[in-house]
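Me: I've got a model open and would like to go through it bit by bit. Can we do it as quick questions and answers?

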Amino acid sequence: MTLRSANLTGSLLMVTAMAIFAVEDAFVKAAATVLPVGQTMIIFGLGGAAIFAAVALITKERLYTADVISRPMRIRVVFEIFGRLFYVLALALTPLSSATVILQATPLVVVAGAALIFGEQVGWRRWLAIAVGLIGVLVIIRPGADSFSALSILAVIGMLGFAGRDLASRAAPAALSTSILGLYGFLALAFSGGLYAVWQGQAFVAPDPQTCLYLLGAIGAGVAAYACLMKAMRTGEVSAVTPFRYTRLLFGIAIGLAVFGETLTAPMIIGSGLIVLSGLFIMWRGKQVAQD
């Protein structure tokens, strides 16, 4: 496979992953409108973990090794719990479109964290782009405005949790496969759902057939999207494939408008534009610096 062909294949896989992630978010949001949020997270997490565990066993991987409890993995699980918990709460309690847009700021925080934690060189231009992207988040949530909702902070905390998880993943042992990372990622989701269920104190309910389909759809979409994402990141150049992560924003907004009857506001359009443009600039600038 030529590099051009690999980049095309990787880009198509990334777009596919982002589309399926948006579908997963929609299924989770639909299920959480019927079931308690904690119960939704537990079922979703255990279902995804079971599939990844089965894949690992089929490929004769060990489900538990010393690498699983290494310090980077322990940190990763903590951030995964916070990210999953608050993002699912954001999906349940706020518009899908706004939660999806705020999530797109994750790469900006990852770049800033890589500079502060791992000592990676980030010049003033990329720091400025990070600031512009974070301003875009503020434009969307509009703190101090009459329309401000404290619930929008849920998506911000979830985004920070996912950024911390991605940073910890960079330090995780290379021997851990996609299946094992997926297994413990979904177990962290189930654990965070259990914590929230205890705090919420709401009794579990028996899901009706339609809600069962929502849950099955969320589990299937979550596993498929994760697999496509991992495959995309291992096919072609990272700089060529990664920008297509932002297509999740388009899919999320489209589903929010078409399925949940949400509206697209001017602050959301402006804020999402700032986030995407700053993210793309950071990737472009990073590639230019690497070539110098």
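Predicted model: local features only at pLDDT ≥ 70, side-chain atom pairs only at ≥ 80, totals over all residues.

Me: How much space lies in the largest cavity?

Reply: The search finds 1 cavity of 30 Å³ or more. The space in the largest cavity comes to about 40 Å³.

Me: Which element gives the largest share of the lining of the largest cavity?

Reply: The lining is made up of R76, E80, R84, R165, L181, G182, G185, F186 and Y226. Two elements give two or more residues to the lining of the largest cavity, α3 and α8. The largest share is 4 residues, and the element behind that share is α8.

Me: How many charged residues does the lining of the largest cavity have?

Reply: Among the lining residues are R76, E80, R84 and R165. Arg and Glu both count as charged. Split by class, the lining has 3 nonpolar residues, 2 polar ones, and a charged set of 4.

Me: What is the distance between the closest N and O atoms in the salt bridge of E80 with R76?

Reply: E80 and R76 both sit in helix α3 (residues 71–93), 4 residues apart, about one turn of the helix. An α-helix has 3.6 residues a turn, so residues three or four places apart point the same way. Both E80 and R76 are buried. Their closest N and O atoms are 3.5 Å apart.

Me: Why does R84 count as buried?

Reply: R84 is also in helix α3 with E80, 4 residues away, about one turn of the helix. The side chains of R84 and E80 meet in a salt bridge at 3.0 Å, N to O. Buried means under 20% relative accessible area. R84 counts as buried because its relative accessibility is 12%.

Me: And E80 itself, buried or exposed?

Reply: The cut-off for buried is under 20% relative accessible area. The relative accessible area of E80 is 2%, so E80 is buried.

Me: How many salt bridges does the count come to?

Reply: By the rule used here, the count comes to 5.

Me: Over to the pockets. Which element gives the most to the lining of the second largest pocket?

Reply: The second largest pocket has a volume of about 370 Å³. Of its 21 lining residues, P95, S98, I140, S152 and M268 are the closest to the centre. At least two lining residues each come from α4 (96–103), α6 (124–141), α7 (152–171) and α12 (266–291). The most, 4 residues, comes from α4.

Me: How many nonpolar residues are in the lining of the second largest pocket?

Reply: P95, I140 and M268 are among the residues closest to the centre of the second largest pocket, and Pro, Ile and Met count as nonpolar. The lining includes 8 polar and 2 charged residues, and its nonpolar count is 11.

Me: What about G113, which residues is it in contact with, leaving aside its neighbours within four places in sequence?

Reply: G113 is found in helix α5 (residues 106–117). With a relative accessible area of 10%, G113 is buried. Leaving aside those neighbours, its contacts are F118 and L167.

Me: Is K60 buried or exposed?

Reply: K60 is placed in the loop between α2 (37–58) and α3. Its phi is near 60°, a positive value in a residue other than glycine. Exposed means over 50% relative accessible area. At 77%, K60 is therefore exposed.

Me: Last one: which residue just after α8 takes a positive phi?

Reply: Helix α8 (residues 178–200) has 23 residues and reaches 32 Å from its first C-alpha to its last, close to the 33 Å expected at 1.5 Å a residue. Just after α8, a positive phi of about 65° is taken by G201.

Key: Residues numbered from 1 in each chain as written. Heavy atoms only, no water. Expected span 1.5 Å × (residues − 1). 1 Å grid on protein atoms, 1.4 Å probe; cavity = no way out; pocket = protein on both sides within 12 Å on 5 of 7 lines; lining within 4 Å. Points joined across faces, edges and corners; volume = space filled by probe spheres on them. Buried < 20%, exposed > 50% of the residue type's maximum accessible area, 1.4 Å probe, protein only. Contact = heavy atoms within 4.5 Å. Salt bridge = Lys/Arg side-chain N within 4 Å of Asp/Glu carboxyl O.
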